[in-house]
Amino acid sequence: MRRYVLRRVLSLVPLLLAVSIVIFVALAVAPGDPAVLMLGQDATPEGVRELRQILGLDLPLPVQYARFVGGALRGDLGRSFQTRRPVAGELMRTFQVTLALTITALSASCLVGLAVGILSAMRPRSLIDYLVRVVILTSVSMPI
């Protein structure tokens, strides 16, 4: 069992690497310049050039990616282009709210699911049972 879990965890490494590369490249080729976003539309070309140099946006993409991965492995995810605050802090701030919402939604869905499942099991092949099946299959089949 331990070998299976270890193998599964180790298989996440190439997957995370591939996903991070795809997202990094997608953000790099997206329209817009982060330096202009940070400085505003009134920014001078010299100011934009200087900020791009400070942020390392003038470096080749592989170098930027290597710097990002190195920082991420140390827990430094950089600074937000919009708020100029550390990204890790922003993620932790929103993670608490996300966790609370997730726990609430999961609890509510479990309670409703159990109640509806018990009701459906108590009256097999009844109108309630068929309605529950249709609603469940429809909701599971719908894309998010």
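In which helix does glycine 113 lie? Glycine 113 lies in helix H5. The model described here is predicted.

**Helix H5**

Helix H5 covers residues 87-122, 36 residues in total. From its first C-alpha to its last it reaches 51 Å, close to the 52 Å expected at 1.5 Å a residue. A kink of about 25° is centred on phenylalanine 95. Glycine 113 is partly exposed, with a relative accessible area of 42%.

**Salt bridges**

Side chains of opposite charge can pair when their charged atoms come close.

| aspartate 33 | arginine 52 | 2.9 Å |

Aspartate 33 and arginine 52 meet in a salt bridge. Aspartate 33 lies in the loop between H1 and helix H2 (34-39) and arginine 52 lies in helix H3 (residues 45-55), so this pair ties together parts that are 19 residues apart in sequence. Aspartate 33 is partly exposed at 23% relative accessible area, and arginine 52 is partly exposed at 25%.

Glutamate 90 and arginine 93 are three residues apart in helix H5, so about one helical turn separates them. Glutamate 90 counts as buried, at 17% relative accessibility, whereas arginine 93 is partly exposed, at 48%. Both belong to a network of salt bridges that also links Arg85.

Aspartate 129 and arginine 133 lie in helix H6 (residues 127-141), four residues apart, which is about one turn of the helix. Aspartate 129 is buried, with a relative accessible area of 5%, while arginine 133 is partly exposed, at 43%.

**Aromatic pairs and helix H1**

There are three aromatic pairs in the structure. In one of them, the ring centres of phenylalanine 24 and tyrosine 65 are 5.4 Å apart and the planes stand at 70°, so the pair is edge-to-face. This pair links distant parts of the chain, with phenylalanine 24 in helix H1 (residues 2-29) and tyrosine 65 in helix H4 (residues 61-73), 41 residues apart. Phenylalanine 24 is buried, at 18% relative accessible area, and tyrosine 65 is buried, at 14%. Together with Phe68, Phe24 and Tyr65 form one aromatic cluster.

Serine 20 also lies in helix H1. It counts as buried, at 19% relative accessibility. A polar atom of the serine 20 side chain lies 2.8 Å from the backbone oxygen of leucine 17.

Note on methods: Residues numbered from 1 in each chain as written. Predicted model: local features only at pLDDT ≥ 70, side-chain atom pairs only at ≥ 80, totals over all residues. Heavy atoms only, no water. Phe/Tyr/Trp six-rings, centres within 6.5 Å; stacked < 30°, edge-to-face > 60°. Helix = DSSP H or I, 4+ residues; strand = E, 2+ residues; numbered from the N terminus. Buried < 20%, exposed > 50% of the residue type's maximum accessible area, 1.4 Å probe, protein only. Polar contact = N/O pair within 3.5 Å; in protein donor to acceptor, adjacent residues only side chain to side chain. Expected span 1.5 Å × (residues − 1). Bend = angle between axes of the 7 residues up to and from the residue. Salt bridge = Lys/Arg side-chain N within 4 Å of Asp/Glu carboxyl O.
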